[in-house]
Amino acid sequence: MKNYIILFIALATITQNFGQETVQIIPSNFDSRVITTGLPFMLIAPDARSAGLGDMGVATSVDGFSQQYNPAKYAFSEAKQGASLSYTPYLSRLVNDISLGYVTYFNRINEVSAFSVGLKYFSLGEIQLTQGPTDDGIAVQPNEYAIDAAYSLRLSDRFSMAVALRYMRSALRIDTVDPNASPGSTFGADITGYYQSEEEAYSDFNGRWRMGFAIQNLGPRFRYDDGGQEVFQPTNLRLGAGFDFIFDQYNKLAVTAEVAKYLVPTPPIRGERIVFTDIGGPNGEPDGIFDPTDGDFQTEAQEAASQADTILEGQSTDVSFLNGVFQSFGDAPGGFSEELREFTWALSAEYTYQENFAFRAGYFNEANDKGARKFFALGAGFKYTTINIDLSYLFSAAQVQSPLENTLRFSLTFNFGDGEYNEY
């Protein structure tokens, strides 16, 4: 009896008996249901400041790279204009030519509104395609990029919202190999909001609250190629809150917390559902599997094949992007506890001295069965006249190695008309 129990667990097989009918269920992806989407480069932290804070930015103070997380913050910029440039090596321990570049520009039009644009470019480096050991091959350079523009508007003295429109293009198919290949492309939108309180006096320090939200990459499903399967954009929800401890005119400590969740359906538990019916043949055939839909006898192998890849628990992911947004809050096969595990969270602290030097630390956490990304990050920032220089470094805290582990990220920001608006 003990041996049967061990065998039962090893095969992950559930069997139920109903009279002469036996239903055997064999899950194929019971343990892990990582949510995957197209264009995953859109969620990589592209700048050193947000990376040093644990990949967050929806509720941090405004900077030149707010376009990535929350362009509504630009309406609180003290600088009239700003331009930013960032470079992030990717998989640097394996190759030296895969990288993510990011460029932004913003212009605070007046007291209540701002305009901003951004370009994100992900290069997969040079790949040599060969057909044999003596073939010189063809050098190709697959890439992906996104261009977006946003408008930010203050709806009150302390709250602003922004809308961003985005075009995304993925050229992963190689036209030199397939002349009919064409890049996949799609459109998306962001809706964001940002709140920043007035500075308030407490017993030993002054303080300021910050809060933000963002719904990002909201748009239709797309295909990487004409004959491929439709995939979801990396639609996600971000919520964050923070507090600035203002000790004096020189010293400030900002602490921030952020949670994020994909707004795409959770993959259901799939597997084989095999129905065995021991009824015997009508003309003396040996016992087999009877298919009631057409009255035919089938072999066990034929019936098993016809019932493969069946949804055992959960819901189908073949839905529109808008239905997927609403479905994503209640379709996890594991119920509410699994829905909670789909939230990532991050904590950060940023110490600033005289607005010229900044030291940062952050931690990011993702559930083990949802991707297992866990890492610590450190960063620093320096300001010289109108130029900001930011650096960051990541330390993995998970068994799964991060592609950005031991990577030094570098960012530059140029502010024009700094101090033209007084927000603090």
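A residue counts as buried at under 20% relative accessible area, as exposed at over 50%, and as partly exposed in between, computed with a 1.4 Å probe on protein chains only. The structure is a predicted model, in which local features need pLDDT of at least 70 and side-chain atom pairs count only at pLDDT 80 or more, while totals for chains, interfaces and linings use all residues. Residues are numbered from 1 along each chain as its sequence is written, and side-chain values use heavy atoms, with hydrogens and water left out.

Both members of the salt bridge between Lys-261 and Glu-342 are buried. A salt bridge here is a side-chain nitrogen of Lys or Arg within 4 Å of a carboxyl oxygen of Asp or Glu; in this pair the closest N and O atoms are 3.1 Å apart. Lys-261 belongs to strand β14 (residues 251–262) and Glu-342 to the loop between α6 (336–341) and β19 (344–353), 81 residues apart. Helices (H or I, at least four residues) and strands (E, at least two) are DSSP runs, numbered from the N terminus.

The side chains of Arg-341 and Asp-369 form a salt bridge at 3.0 Å, N to O. Arg-341 has a relative accessible area of 31% and is therefore partly exposed, whereas Asp-369, at 17%, is buried.

Across the whole structure, the search finds 21 salt bridges. One of them joins Asp-63 and Arg-49 at 2.9 Å, N to O. Asp-63 sits in the loop between α2 and α3 and Arg-49 in helix α2, 14 residues apart. Arg-49 is buried because its relative accessibility is 7%. Salt bridges link Arg-49 and Asp-63 with Glu-350, Arg-360 and Asp-390 in a network.

β13 (residues 236–246) has 8 of its 11 residues buried. A hairpin through 4 residues joins β13 to β14, and these two strands pair in the antiparallel sense over 11 bridges. Strands pair if DSSP finds at least two bridges between them. Asn-236 has Tyr-262 in β14 as its bridge partner. β13 also pairs with β12 (residues 206–218), again antiparallel and over 11 bridges; there Phe-213 stands opposite Leu-239 in β13.

The aromatic residues come next. Rings of Phe, Tyr and Trp (its six-membered ring) pair if their centres lie within 6.5 Å, with planes under 30 degrees apart counted as stacked, over 60 as edge-to-face and the rest as tilted. The structure holds 22 aromatic pairs. Phe-41 and Phe-122 are stacked because their planes meet at 10°, with centres 6.0 Å apart. Phe-41 lies in the loop between β2 (21–27) and α2 (48–52) and Phe-122 in strand β5 (residues 113–123), so the pair connects parts 81 residues apart in sequence. Both Phe-41 and Phe-122 are buried.

Phe-76 and Tyr-194 pair edge-to-face, at 5.5 Å centre to centre and 75° between the planes. Phe-76 is in the loop between α3 (66–69) and β3 (81–89) and Tyr-194 in strand β10 (residues 184–196), so this pair ties together parts 118 residues apart in sequence. Phe-76 and Tyr-194 are buried. Elsewhere, ring pairs link Tyr-202, Phe-205, Trp-209, Phe-243, Phe-245 and Phe-247 into a cluster.
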